[in-house]
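I opened this notebook to record what I looked up in a two-chain structure. The entries follow the order of my reading.

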Amino acid sequence: MDDRGRRVDFLAEGFRRAAALIAGGDPDLYGSAALSLRVAAAATIIACGLGIPAGFALAGRRFWGRRAALVLVNTALAVPTVVVGLLLYGVLSRRGPLGGLEWLYTWQAIVVGDVLLALPIAVALSAAAVEGVDPRVRRTALTLGAGRWRTAWTVAREARFALMAVVTAAFGQVVAEVGAAMIVGGNIRGETRTLTTAVALGTAQGDFGLALALGVVLLALALAVNAALQVLQGRGRD
Amino acid sequence: MIELRDVRHRYGDRLVLDLPAFALPAGARVAIVGHNGAGKSTLLRLLALLEAPTEGVVLFDGHAVTGRAIGRVRRRVTLVEQRPILLRGTVRDNLAYGLAARGVRGAARERAVAGAAERLGVVPLLGRRRTELSDGEVQRVAVARALAAGPDVLLLDEPASSADRAAVLGLHDALERERAERGLTVCLASHQLEDAYRWSDDLRTLADGRLSPVTPENLFRVSLPADGTEGVKHVRVGRAEIAVLTERSGHAILAVPPTDILVSAAPLATSARNQLSGHVSRVARVRSGAGVHVTADVGVELTAVVTAEAVRELALAPGRPVVFSFKASAVRVF
């Protein structure tokens with residue numbers, strides 16, 4: 001067999017092993033998938049729960065330091081995940097300021113790292129979403145007697161497609177994240193091994209089939225969540 | 001009822017409103033007229049408490065409106081914008097919005113929605129969504145939505161801009177009924193003078209953010225020269241040259257009060273420094289007791305107010321030659 005033949009065979013073998021692991025219900029594979037889903041869901045909910053109201057405040061109010069806050073948020077979008085992981089490692093390590101929580105090498109630490117990475121996305125994109133809403137919507141709500149919360153809800157309903165995109169982007173960030181999860185999670189089998197960190201490990205150990213199977217499951221997971229969000233968006237049309 | 005005091009409002013460095021005093025008394029029917037960019041929409045937004053004046057204060061029933069009072073007063077003053085927007089949902093949802101914000105629920109809300117829809121003739125539209133409506137329908141629904149909320153003061157920005165004649169009359173009737181039933185205060189901004197005269201009994205003119213001391217016809221934005229002869233300056237307005245007695249120079253608004261224009265069929269030997277010849281373009285009786293408005297192109301379009309008897313005697317009709325005379329001292333500068 002020539003070199004090219006061996007390379008094709010290597011890939012085909014990888015896909016065959018991936019199919020066998022997925023079909024056979026491999027506990028490591030599905031354990032990592034379940035953990036990834038749990039971590040991504042928790043981090044997305046927290047990041048959007050904090051980031052979307054912050055985005056509303058940044059877009060809707062003129063206050064001292066607003067411009068600086070926007071610069072900060074936009075800069076945070078470009079921070080590498082490993083840098084976030086490194087800083088969080090320092091904070092959560094035994095000698096760090098939050099060492100007492102004993103969260104280092106737990107799934108909670110991965111959630112915190114993912115929240116830090118997804119938060120700037122949620123803030124920046126939701127601020128852009130709110131700024132994209134016709135200003136007459138807010139004025140109409142206010143002149144009809146709506147209070148602050150009803151007005152915000154009315155604006156959010158008008159920006160629902162853009163806000164759904166915020167959730168999708170935040171989920172995409174956290175489900176694909178590997179650098180911070182590796183550093184603060186430790187990639188411990190059965191405890192903090194997410195799909196992405198398992199892919200990294202499988203590739204490093206030469207188990208291409210396992211890595212490929214994990215990648216396929218990760219893609220399927222992302223596809224399923226995005227499809228669900230798309231269905232929700234479709235229901236929200238005028 | 002609602003009042004602006006010592007208000008100066010700026011967008012950046014640009015002064016857009018300068019109103020030492022402006023008040024809407026309870027039950028009044030006020031029209032604000034002025035050219036595009038005169039500050040009409042900004043004034044309405046300040047009255048609706050949607051913008052805070054850069055300087056000065058807004059008062060409601062004699063009390064300064066600040067802090068938490070802003071939300072309370074907003075529930076009594078509602079603005080319908082020039083190009084109103086409908087919120088997500090059906091027309092029925094839109095009509096119910098202001099009521100829901102006031103905590104009105106159940107049958108009371110349904111009754112109020114049905115009443116407002118009936119008054120503005122939008123009952124057949126109740127189940128429709130905003131994408132299924134024409135601009136005129138959106139405007140009517142927006143007025144119905146504002147009335148359904150039951151405000152004490154209704155502010156309308158160019159309410160006839162997207163409506164046909166029948167819809168405008170329907171809107172007028174609905175507002176009159178509302179005023180008769182519960183003493184609603186109405187203030188509308190319009191650039192259509194005839195509508196403003198018909199709809200209001202208190203006409204105010206904005207020019208470059210300031211209230212004009214005279215009626216809205218014959219206003220011109222000019223640049224006055226620095227020097228004149230014995231205080232008389234000559235300013236070109238359109239194809240006409242107007243003599244003005246003033247000390248001022250630079251940017252200013254000229255106002256020729258329509259009641260100060262003498263209308264004749266031929267030039268007269270008078271002290272008036274301005275004698276402009278042209279042809280009548282329009283003759284309109286705007287309201288009983290307000291005289292007849294004769295508009296002529298005399299190098300620039302000017303309107304004079306004369307009696308019906310004068311119209312008959314001079315046979316004033318579109319196309320007829322005419323001379324407009326007025327003194328240099330009659331021209332107001334502000």
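The entries below go from conventions to whole chains, then to local packing and the interface.

**Entry 1. Conventions.** I worked on a predicted model, in which local features need pLDDT of at least 70, side-chain atom pairs count only at pLDDT 80 or more, and totals for chains, interfaces and linings use all residues. I number residues from 1 along each chain as its sequence is written, and I letter chains from A and number ligands from 1 in the order in which they are written.

**Entry 2. Chain A as a whole.** I took helices (H or I, at least four residues) and strands (E, at least two) as DSSP runs numbered from the N terminus. On that basis I recorded 11 helices and 0 strands for chain A, with the pattern α-α-α-α-α-α-α-α-α-α-α along the sequence. I noted that the C-alpha atoms of chain A fill a box of roughly 75 × 50 × 30 Å along the principal axes.

I then turned to burial. A residue is buried if 20 or more other C-beta atoms lie within 10 Å of its own, exposed if 12 or fewer, and partly exposed in between, with C-beta atoms placed from the backbone. Buried residues make up 37% of the 238 residues in chain A.

For contacts I required C-beta atoms, placed from the backbone, to lie within 7 Å. Among contacts in chain A between residues at least 6 apart in sequence, I found that 76% join residues at least 24 apart.

**Entry 3. One residue of chain A.** I looked up A:Val115, which is found in helix H5 (residues 107-131) of chain A. Is A:Val115 buried or exposed? I recorded A:Val115 as buried, because 23 other C-beta atoms lie within 10 Å. Leaving aside neighbours within four places in sequence, A:Val115 is in contact with A:Ala43, A:Ile46 and A:Ala47. I also noted the separation from A:Ala213: 98 residues in sequence and 27 Å in space, C-alpha to C-alpha.

**Entry 4. Chain B as a whole.** I recorded 8 helices and 20 strands for chain B. The C-alpha atoms of chain B fill a box of roughly 75 × 45 × 35 Å along the principal axes. Of the 334 residues in chain B, 38% are buried. Residues 24 or more positions apart account for 70% of the chain B contacts with a separation of 6 or more.

**Entry 5. The open sheet of chain B.** I counted two strands as paired if DSSP finds at least two bridges between them. An open sheet of 6 strands in chain B has the order S6-S7-S8-S3-S9-S10, with mixed pairing. Strand S6 (77-80) and strand S10 (210-211) of chain B stand at the edges with a single partner strand each, so one side of each has no neighbour in the sheet.

S6(B) runs parallel to strand S7 (residues 153-157) of chain B and is joined to it by 4 bridges; B:Leu79 has B:Leu155 as bridge partner. S7(B) and S8(B) run parallel with 5 bridges, and B:Leu156 is partnered by B:Leu188. Strand S3 (residues 29-33) of chain B pairs with S8(B) in the parallel sense over 5 bridges, where the partner of B:Arg29 is B:Val186.

How many residues of strand S8 (residues 185-190) of chain B are buried? I found 6 of its 6 residues buried. In a regular strand the side chains alternate between the two faces of the sheet. Both faces of S8(B) are covered, with B:Thr185, B:Cys187 and B:Ala189 buried on one side and B:Val186, B:Leu188 and B:Ser190 buried on the other.

**Entry 6. A hairpin in chain B.** Strand S1 (residues 2-11) and strand S2 (residues 14-24) of chain B run antiparallel and are joined by 9 bridges. I noted B:Leu24 as the bridge partner of B:Ile2. S1(B) and S2(B) form a hairpin with 2 residues between them, and B:Gly12 in the turn has a positive phi of about 65°.

**Entry 7. The interface.** I found 16 residues of chain A in contact with 20 residues of chain B. Helix H6 (135-143) and helix H7 (148-158) of chain A are the elements that give two or more residues to the chain A side. H6(A) gives the most, with 6 residues.

Methods
Two residues are in contact if their C-beta atoms, placed from the backbone, lie within 7 Å.
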